[in-house]
Amino acid sequence: MRPFLAYLIIAFICYSCTSKKKNDSSPLKVIPENASLIFQINDFESVKNEFSSNEILNGLTLNKPFSTLKNTLKDLGLLSNQKSGLVALSVDSLNIDYTYITKDSLSIDNWAELTSKSKEDLTFNGYTVSKYTVDNAIFYTTYLNDFWIMCSSQPLLQENINSVNSPQKNSSFKQLYEVSNHEKLINIWLDIDKGTTMLNNLLGKDQKVSNFGSWLTLDATVHGNELVLSGIAQPNDLNQYYLSLFKNIKPIENKVWNLAPSNSKYITSFGFDAFNKFIENKTLNNYPTQPLDSLLSTVEEIGIAEIDQEKILFLKTYGTATLLDYLNTEKVNTEEFSGNEIWELHSDNTIFATLQPLIGDITFTFASITENTFIFSTSKTTLESAISKIKTGDTFDKTPIYKTIETNLTQSSSVLSISNFDGNATFLNESVSKTLGSSFSNSHLKDYVFASQIIADNGFYHTNFLIKKVTNGDVQNTVSQAFEIQFNNDLATLPQFVTNHNNGRKEIIVQDQENILYLISNTGKILWKKQLDGTVQGKVHQVDLFKNGKLQLAFTTNNEFLILDRNGKEVKPFKINYSGGNLNPLAVFDYEGNKNYRFIVTQNKKVHMYNNEGKTVKGFTYDTAEANILNSPQHFRIGKKDYIVLKLDNGKLKILNRVGKTRINIKDKFSFSDNEIRLYQNKFTFTSMDGILYQIDSQGKISSSNLNLAKDHGIDATSRTLAIMNDNILQIRDKKVELELGVYTKPVIFYLNDKIYVSVTDIQNQKIYMFDSQAEAIPNFPIFGNSVIDMADMNRNKKPELVFKDQENSIKVYKIR
């Protein structure tokens, strides 16, 4: 897993940059020909947010090679308003230079306010090149083949201009670039064949990455306590590489964890469907043939572990006879320990040379066997300790380290390594370089687990690299805090998730009692504030007014209808004032899902309907109700028919069609509860103040059930799930849960990643409970806070987060795992 180094290096590069999204045009035509390390930042804003708060990368900041990369790329931090870009690193014998390529215009942040600066325009081959000097930084920019280019070296930029029309330029990267997942935060490419000088510069001349393969491509995913790099590596047919040892070998399920002692610092497992293919690959890669190669033909898994500076070797076989016969000839002594024979072997035995280069240059002198696995050690004491732990079940698969990591890795691998903090440093020293090992030794990431995985697959080699904070026990179906934000003023509205259209991730919008509206990133950073004239009424809606994928925020305050863009700026003409105030929350309808919106603002008896241009929809005839309108109108679709539903304060329920004509005439009157109307079982479902559940079908037939609900009961429903909170009894479908006595809010149903969650809050005792659709409690709840407000997948990893108001001036975000 020699490449483990490169992945972390590359991921860290982004720590020095800013963020956003990729363009459709390929920048490959302007990448320098000698670039060997390239990465695409698809979302600068998220990269900045993720990497500025990432504990893993912060732990590596001061240590080489990460400090070298950070210093090399520090100029990029001077840029403003970047969405996406590609960084290519080139190297001469002494220096690493960067080329930054983007569709976004290059501008220096706060240029007018800088005191030590200069700009000089030069001309080269008909191109205008700008030379910038900012403090001690010097860099060059130009516009080349539809891209803005920023370069740390004038000769490198001139060379790029000279070769821009070369038809074969960067042809080796073209296929890799096209198959990368540009929805990921970062894409990474390492041309190992070209990268020896780069790797020597970063890692020292003892680095072993150059022998790993020909090239490597990775996608990076970053969370607060987790870094994942996944991709593909490949050798070529011209040179012999480490990866070539696994050619035409199918991986098998790795099981050495079940035997390795729990105190192992690191464990590496190699899986083979046919060991003889490994021997053939060794020969093709110029490793010498060993006389004893055939003795290991039944080996299907090799495991190597380290405990207290001692190595242990595991050889799992499907037939022990041949190897057992050989070991009997190598014995110099035999002892019994805990029901197992321990054999001392001749120190000059050569059987382990067959396992080169997988296990390193090491000879084991003590051996034993348990079931079909041979165990070897460099000392009798270590072997006895391993046997004792196997007998008592004190094995690595039971440890928090393994439990933390096992769900992130596939069961079958060609190569799989897992290590703790101390073991990772040793592993990197031996397999990558002492420079990288030292970097991790000084990183203080003591409570993390490190894993790397290679899976051979028809000439390609899938790679996964992971650093993750160790948890004490099973990490599934639990909750942990992601972040907390405290405000200077108490909050006036409940926090709500909204979508960042640049990256698909979720952000939070909330307002305080000074009427300041905040947009908060998925890492807890306040992105902007906006002073409003009043308090936001109800929910903030997101719309795509211009049908270009960019989302706006639409809502009402007490006396205004507003639409803001992503940066908090008003979208004309959507700042409409209403004299007298008393507006209900905004309703937004999109009948056909084609973004031809209808915005409905209700005020007392008045109904105002607007289109995407802010003009009144003249075809909607229901502009004045018979009585004041309660809450905001709701839109439902049953079959091919649309239903607009309004509750009036005289007890009437109006069910209209698209143009405002009565679709279902309801003559009865109801004492509506504060709960919204829901479409449950294709029926309009709501409750009354006197505890009756009503359902009205599309023909106008009314059915009712007296549930004897308290006045402050709450309901929520989806098409197939009904949740009712009555006193301290929560009912989800037909199952009831009795909670401790308290004062409960209405239930809130969240539908996320094919799962239904139901939340209720005891506001008296400030406890939040969470249940699944079968009324089973989610572990680690209750947690403490005022109310669960919203749930979403903030980071697009199919693991939900929930946001809730904690105290009057703070909100918390929790992750559910």
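Ile715 stands opposite Ile724, a residue of strand 44, where a strand is a DSSP run of E with at least two residues, numbered from the N terminus. The model is predicted, so local features need pLDDT of at least 70 and side-chain atom pairs count only at pLDDT 80 or more, while totals for chains, interfaces and linings use all residues. Residues are numbered from 1 along each chain as its sequence is written, and side-chain values use heavy atoms, with hydrogens and water left out.

- Strand 43 and strand 44 (residues 722-726) run antiparallel and are joined by 4 bridges, and two strands count as paired if DSSP finds at least two bridges between them.
- An open sheet of 4 strands, in the order 43-44-45-46, is formed with antiparallel pairing.
- Its edges are strand 43 (714-717) and strand 46 (735-738), each of which pairs on one side only.
- Strands of a sheet pair through backbone hydrogen bonds, either parallel or antiparallel.

**His541**
- His541 lies in strand 28, which covers residues 537-543.
- With a relative accessible area of 17%, His541 is buried, a word that means under 20% relative accessible area with a 1.4 Å probe, counting protein chains only.
- Leaving aside residues up to four places away in sequence, His541 touches Gln552, Leu553, Ala554, Leu586, Ala587 and Val588, where contact means heavy atoms within 4.5 Å.

**The whole protein**
- The C-alpha trace of the protein spans about 100 × 80 × 45 Å along its principal axes.
- Of the 817 residues in the protein, 57% are buried.

Conventions. Buried < 20%, exposed > 50% of the residue type's maximum accessible area, 1.4 Å probe, protein only.
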